[in-house]
Amino acid sequence: MEISRIIAFGRVAAAARKHCLRLVAMVSVAAICPTAATAQVGEHRSELAIGVNGGYTLSNVGFVPDIPQGLLGGYTGGLTVRYTCEKYFKSVCAIVGEVNITQMGWKEDILDVEDRPVINQVTGKPEEYQRALTYVQVPLLARLGWGRERKGFQVFFQVGPQVGFFLNDKAKSNFNLSDRNLSDRIGAQRDAAQDSLAIERKFDYGITGGLGIEYSHPKVGHFLLEGRYYYGLGDIFGNSKRDYFGRSNNGSIIVKLTYLFDVMKTKNSKIK
């Protein structure tokens with residue numbers, strides 16, 4: 001009965017997450033150029049920079065019913081494009097787009113009723129299981145920066161919607177699935193449905209945002225260090241009444257480095 005209530009709650013939360021995505025998308029567009037629909041009151045910019053990014057991810061999946069997990073390490077990297085459109089008071093407004101190859105997924109903590117590792121009866125070792133999911137991810141971010149634009153440091157915040165397209169997955173365990181010790185597992189781990197289910201929903205979507213610092217040099221380019229969080233609003237498995245999980249959304253913490261070089265600059269000698 002308790003599991004049924006949790007699954008029902010998960011389905012209600014899934015509907016709420018879709019509304020959140022629409023709201024964030026609208027807020028992001030409004031934040032990119034706050035004077036787009038009114039008279040120009042800020043300092044105009046028309047600057048384009050492109051480059052590459054790469055970093056490290058720590059991911060898990062929000063399962064309902066709950067599956068105890070640690071964080072799975074992975075990678076991310078790709079192309080970045082940034083268009084800066086205005087300086088509004090002290091805030092430099094821009095829109096940032098990326099196309100990345102990113103690895104997410106989950107790493108299970110397989111435990112018994114006393115929170116001890118479950119020992120496999122064949123290998124005699126604590127059971128370990130993880131599953132890496134590879135996506136093409138495309139975030140579109142509204143960016144606000146404060147500080148130097150041409151030479152020096154700038155602090156920035158960016159947020160917006162992100163979509164992802166599933167490419168492949170790879171499971172890793174130290175036991176054969178047919179030899180799992182299910183009798184000592186607790187809760188939803190005892191069924192271990194997540195270990196053998198195929199990824200049903202190839203399209204992923206959610207909200208991402210982060211804080212970072214940028215160093216710019218007029219002859220070299222821009223170097224950015226950022227910490228970012230992604231919260232998935234979609235599910236990787238089915239969430240209907242006949243499915244096992246009511247929720248199974250991706251989530252990840254990302255630390256990344258980005259290098260950008262200028263393709264187009266605003267002609268204004270007063271910009272620092």
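**Labels and cut-offs**

Guide: Phe-203 counts as partly exposed, with 41% relative accessibility.

Visitor: Why is Phe-203 called partly exposed?

Guide: Buried means under 20% relative accessible area and exposed over 50%, with partly exposed in between (1.4 Å probe, protein chains only). Phe-203 has 41%, so it is partly exposed. Phe-165, at 40%, is therefore partly exposed too.

Visitor: What kind of model is this?

Guide: This is a predicted model, where local features need pLDDT of at least 70, side-chain atom pairs count only at pLDDT 80 or more, and totals for chains, interfaces and linings use all residues. Residues are numbered from 1 along each chain as its sequence is written, and side-chain values use heavy atoms, leaving out hydrogens and water.

Visitor: What makes Phe-165 and Phe-203 a tilted pair?

Guide: Rings of Phe, Tyr and Trp (its six-membered ring) pair if their centres lie within 6.5 Å; planes under 30 degrees apart count as stacked, over 60 as edge-to-face and the rest as tilted. Here the centres are 5.6 Å apart and the planes make 55 degrees, so the pair is tilted.

Visitor: Which strands hold Phe-165 and Phe-203?

Guide: Phe-165 is in strand β6 (residues 152-173) and Phe-203 in strand β7 (residues 203-217). Strands are DSSP runs (E, at least two residues), numbered from the N terminus. The two residues are 38 apart.

Visitor: Why is the pair of Phe-237 and Phe-245 called stacked?

Guide: Their centres are 5.9 Å apart, with 20 degrees between the planes. That is under 30 degrees, so the pair is stacked. Both Phe-237 and Phe-245 are buried.

Note on methods
Helix = DSSP H or I, 4+ residues; strand = E, 2+ residues; numbered from the N terminus.
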